[in-house]
Amino acid sequence: MMSDTLRAVLLGIVEGVTEFLPVSSTGHLLLAERFFGLGEDGFWKSFAILIQLGAILAIVALYFFKLYRVAIGALTNPDDRRFIIGVLIAFLPAVVIGLIAGKYIKALLFDPWIVCFSLIVGGAILLWVDQIDLKPREHDATRYPLMMYLWIGVAQCLAMIPGVSRSGSTIVAAMLLGGDKRSAAEFSFFLAIPTMVGAFVYDFYKSRAEMTSDHLGLIAIGFVVSFITAMIVVKAFLGYVTRHGFVLFAWWRVIVGTLGLIALALGK
């Protein structure tokens, strides 16, 4: 039997690697739990959400000075205030949908069959977006039009379906609305901060009574591992996607989704 500590490390690595790639961290965590016995009970489902905060703090660390300048500039600079408002606008649809339908989504859609189909469909969409001749008009994620922020936020709600990918849906939406690849990826990172912090607080509050000291220790391990892994992945991802696009991630989704469907059909 795999030890809980090793499970926490492995899930932390999966989270850190997949959170900001357009491949669906939640989908990969669910499939890892299903096919590799990394824990399917209530605690491990909460664990998968709670350790996302480690990956989010990696973004805060990498963009600390930029975020600090925006926060300080908001007091005097209308452009910085406008960006903060834009992030909040993009965050709002997920709050509304999450509060209204969050528990139903988790109960009905967190299914490995849905994950696999979503991975394949999302991969096809990434391949399509990567091949069409887009003409980027926006090159700075902090200067997008306010309506563009709103539509990106609406697209993010699709990622409540496991396997769709929060980063994938927001990056694709930003690109279709006129953003270039780098700024689309960066705004996906920025939007992840309030979205994932909100999910962390909500899930931790709901499960606080069930948490033991051992649970908190495992969460700390997953948190640190996801933080370190995400730091490495984000820096590599931005450079790679700017030069090569999303084909690699699209095919990864299709392959993982197809293998998952085959395994499910065989009764695994």
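This is a predicted model: local features need pLDDT of at least 70, side-chain atom pairs count only at pLDDT 80 or more; totals for chains, interfaces and linings use all residues.
Just after H11 comes Gly245, with a positive phi of about 80 degrees.

An unreviewed UniProt entry places the feature "transmembrane region" at residues 42-63, 83-101, 107-129, 149-175, 187-205, 217-240 and 246-266. For two of these spans, here is how the model looks. Residues 107-129 are 91% helix and 0% strand, with end C-alpha atoms 31 Å apart. Residues 246-266 are 90% helix and 0% strand, and here the end C-alpha atoms lie 31 Å apart.

**How some helices cross**

| Helix pair | Axes come within | Crossing angle |
|---|---|---|
| H2 (residues 25-36) and H7 (residues 112-131) | 10 Å | roughly 135 degrees |
| H2 and H12 (residues 247-265) | 12 Å | roughly 30 degrees |
| H6 (residues 78-109) and H8 (residues 146-156) | 7 Å | roughly 30 degrees |

Let's take H2 with H7 to begin with. Their axes cross at roughly 135 degrees, which makes H2 oblique to H7. The crossing of H2 past H7 is left-handed. On the H2 side, the contact is made by Gly27, His28, Leu30, Leu31 and Arg34, while H7 brings Pro112, Val115, Cys116 and Leu119.

What about H2 and H12? Their axes cross at roughly 30 degrees, so H2 is roughly parallel to H12, as angles under 35 degrees count as such. H2 passes H12 in a left-handed crossing. His28, Leu31, Arg34 and Phe35 of H2 meet Trp252, Val256, Gly260, Ala263 and Leu264 of H12. The contact of H2 with H12 divides into six nonpolar residues, two polar and one charged. If you are browsing the structure, His28, Leu31 and Arg34 of H2 are worth a look: they take part in the contact with H7 and also in the one with H12.

Which residues join H6 to H8? The axes of these helices come within 7 Å and cross at roughly 30 degrees, and H6 and H8 are therefore roughly parallel to each other. H6 passes H8 in a right-handed crossing. From H6, the contact uses Arg82, Phe83, Gly86, Ile89, Ala90, Pro93 and Ala94; from H8, it uses Leu146, Tyr149, Leu150, Gly153, Val154 and Gln156. Nine of the residues in the contact of H6 with H8 are nonpolar, three are polar and one is charged.

Notes
Residues are numbered from 1 along each chain as its sequence is written. Side-chain values use heavy atoms; hydrogens and water are left out. Axes are lines fitted to C-alpha atoms, for helices over the stretch in contact, and angles run from 0 to 180 degrees between N-to-C directions. Helices (H or I, at least four residues) and strands (E, at least two) are DSSP runs, numbered from the N terminus. Angles under 35 degrees count as roughly parallel, over 145 as roughly antiparallel, 65 to 115 as roughly perpendicular and the rest as oblique. A crossing is left-handed if the near helix is turned anticlockwise from the far one by less than a right angle, and right-handed if clockwise. Contact means heavy atoms within 4.5 Å. UniProt positions are given in the numbering used here, feature names are shortened, and annotations may be inferred rather than shown by experiment. Ala, Val, Leu, Ile, Met, Phe, Trp, Tyr, Cys and Pro count as nonpolar, Asp, Glu, Lys and Arg as charged, and the others, Gly among them, as polar.
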